Amino acid sequence: MQLQISYAYIVGFILLATRVLAGQAEIGTKGFLTIQYGDEIKGNITLGLYDNTTPKTVANFKALLTNNDPETGLINSTSNRIISGFMAQFGFLNGERLANYHIYQDEFPNPQGFPDEKGGLELSHKKYQLSMANRGKNTNSCQFFITFEQTPWLDGGYVVFGEVVDGFDVVDFLNNDVKTNRGDQPLTQVKVVACGLVDENEDVSELDEL
Ligand SMILES: *[C@@H]1O[C@H](CO)[C@@H](O)[C@H](O)[C@H]1NC(C)=O
Ligand SMILES: *[C@@H]1O[C@H](CO)[C@@H](O)[C@H](O)[C@H]1NC(C)=O
């Protein structure tokens, strides 16, 4: 028993060390987006969030995931910009292309965004990375994107705050199968029909049943 625990500890440590050496942040909370394409539910994209490295950006994103008001939450929002081989952009609240709501309105009222977190600017944009969209420095709000490939030219200009941990098939579907117009807008609507935080206790009970 003692051996098993220390073995798990060592494996955990090696996994974490590998991530740190690879320049990746530690995953804390996990959130999900349930993606509907036209009338068809394609499944969940599960996102691991870098709570320790980008706490303010993650707090804003968690509020967007859990707010059940389409004016201030991701529920029923769309992806209005998908570029195959590059990324899918989300966070168009109420389908608004210029949506810019965030939770730090007292300090940074609309249309101003909230500041870039340094830790997120230091991370690299790998494939399946979650990063904030912006209109220049310190203009973060509700829009974000998921990369389809490595996009190193974005490093330092956009706050990386998480990564895809499950639902890679859904991301790959967006990359490969969504037809878009010249403005990169999907011809068939890509919609977030449910979203929220992943209940880790649920996962544990599932494991217990095995
Ligand atoms: C998405 O994930 C949530 C939370 O784990 C779960 O309740 C829901 O059933 C999932 N939806 C799909 C389509 O897999
Ligand atoms: C999301 O859209 C569906 C379908 O139009 C609607 O029934 C539902 O009330 C909407 N949810 C919210 C939170 O507005």
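The legends below describe close-up views of a predicted model.

Residues are numbered from 1 along each chain as its sequence is written, and chains are lettered from A and ligands numbered from 1 in the order in which they are written. Local features need pLDDT of at least 70, side-chain atom pairs count only at pLDDT 80 or more, and totals for chains, interfaces and linings use all residues, while side-chain values use heavy atoms, with hydrogens and water left out.

**View 1. The fold of the protein.** The protein has five helices and eight strands. These are DSSP runs numbered from the N terminus: helices are H or I of at least four residues, strands are E of at least two. Along the sequence the order is α-β-β-α-β-β-α-β-β-β-α-β-α. Of the 210 residues, 42% are buried. Buried means under 20% relative accessible area, exposed over 50%, and partly exposed in between (1.4 Å probe, protein chains only). Take contacts between residues at least 6 apart in sequence: 66% of them join residues at least 24 apart. Contact means heavy atoms within 4.5 Å. The accessible surface is about 11100 Å², and carbon and sulfur atoms hold 53% of it. Areas come from the Shrake-Rupley method with a 1.4 Å probe; for residues, only the protein chains shown count as cover.

View 2. N68, P70, I75 and N76 are the residues around ligand 2, each with a heavy atom within 4 Å of the molecule. The protein covers 37% of the 360 Å² of accessible area that ligand 2 has on its own. The shell holds two nonpolar, two polar and no charged residues. Here Ala, Val, Leu, Ile, Met, Phe, Trp, Tyr, Cys and Pro count as nonpolar, Asp, Glu, Lys and Arg as charged, and the others, Gly among them, as polar. An oxygen atom of ligand 2 lies 2.3 Å from an N or O atom in the N76 side chain. N76 sits in the loop between α2 and β3 (81–83). At 36% relative accessibility, N76 is partly exposed.

**View 3. Salt bridges.** The count is three, each a side-chain nitrogen of Lys or Arg within 4 Å of a carboxyl oxygen of Asp or Glu. K62 pairs with D51, with the closest N and O atoms 3.4 Å apart. K62 lies in helix α2 (residues 55–66) and D51 in the loop between β2 (40–49) and α2, so the pair ties together parts that are eleven residues apart in sequence. K42 meets E40 at 3.3 Å, N to O. K42 is partly exposed at 25%, and E40 is partly exposed at 44%. E122 and K118 pair at 3.0 Å; both residues are exposed.

**View 4. S131 in strand β5.** S131 belongs to β5 (residues 129–132). S131 is buried, at 0% relative accessibility. The S131 side chain makes a polar contact with the side chain of H125 at 2.9 Å. A polar contact is a pair of N or O atoms within 3.5 Å; within protein, one must be able to donate a hydrogen and the other to accept it, and residues adjacent in sequence count only if both atoms are side-chain atoms. The S131 side chain also reaches the backbone oxygen of V159 at 3.3 Å.

**View 5. Backbone exceptions.** Most residues other than glycine have a negative phi, and most peptide bonds are trans. N110 and P111 are joined by a cis peptide bond, with omega about 5°. Phi of N76 is near 65°, a positive value. Y128 also has a positive phi, about 70°. Y128 lies in the loop between α3 and β5 and is buried at 15%.
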